[in-house]
Amino acid sequence: QVQLVESGGGLVPAGGSLRLSCAFSGFGFSSYRMGWFRQVPGKEREFVAAISGSDGTTTLADSAKGRFAISRDNAKNTVYLQMNSLKLEDTAVYFCAATMSIFGFTTYGGYDHWGQGTQVTVSS
């Protein structure tokens with residue numbers, strides 16, 4: 001079975017940086033497309049970034065472009081989200097996710113496996 005565990009969240013001043021990690025337990029990590037989503041209370045889970053399992057192609061939400069970067073280390077079964085120039089509106093619980101599908105990877109429904117999330121709070 002696949003299990004995902006996020007880490008690296010915390011409290012950071014506006015303009016600061018955080019690097020989130022997601023540890024993948026199970027087999028076949030390099031075959032999975034990995035994604036990062038975020039969610040605030042009362043709102044839908046929002047796509048942030050994804051990276052393919054084939055050629056490492058990355059996709060970023062408009063809100064993340066120019067500030068965030070997604071990467072993976074297949075030798076460590078880990079995916080990362082580097083977040084720079086953080087804004088108050090980046091405050092959310094950040095989730096990592098995994099899918100074998102090439103479809104719908106910018107949507108919540110496109111993923112089969114989810115971590116429990118890690119809180120990111122950006123302060124003024």
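Predicted model: local features only at pLDDT ≥ 70, side-chain atom pairs only at ≥ 80, totals over all residues.
Biologist: How are strands of a sheet held together in general, and which strand pairs with S8 over six bridges alongside S7?

Modeller: Strands of a sheet pair through backbone hydrogen bonds, in either a parallel or an antiparallel arrangement. Here, strand S3 (residues 18-25) pairs with S8 in the antiparallel sense over six bridges. Strand S7 (residues 68-73) likewise pairs with S8 in the antiparallel sense, over six bridges.

Biologist: Which residues of S8 are the bridge partners of Cys22 and Ser71?

Modeller: Val79 is the bridge partner of Cys22, and Tyr80 is that of Ser71.

Biologist: What lies between S7 and S8?

Modeller: The two strands form a hairpin with four residues between them. In the turn, Asn77 has a positive phi of about 50 degrees.

Biologist: What is the strand order of the open sheet, and which strands stand at the edges?

Modeller: The open sheet has four strands in the order S1-S3-S8-S7, with antiparallel pairing. Strand S1 (3-7) and S7 stand at the edges; each has a single partner strand, so one side of each is left without a neighbour in the sheet. From one strand to the next, the twist averages 15 degrees.

Biologist: Why is S8 described as largely enclosed by the rest of the structure?

Modeller: In a regular strand, side chains alternate between the two faces of the sheet. In S8 (residues 78-83), five of the six residues are buried, and the strand is therefore largely enclosed by the rest of the structure.

Definitions and conventions. Residues numbered from 1 in each chain as written. Heavy atoms only, no water. Buried < 20%, exposed > 50% of the residue type's maximum accessible area, 1.4 Å probe, protein only. Pairing = 2+ DSSP bridges. Axes fitted to C-alpha atoms, helices over the stretch in contact; angles between N-to-C directions.
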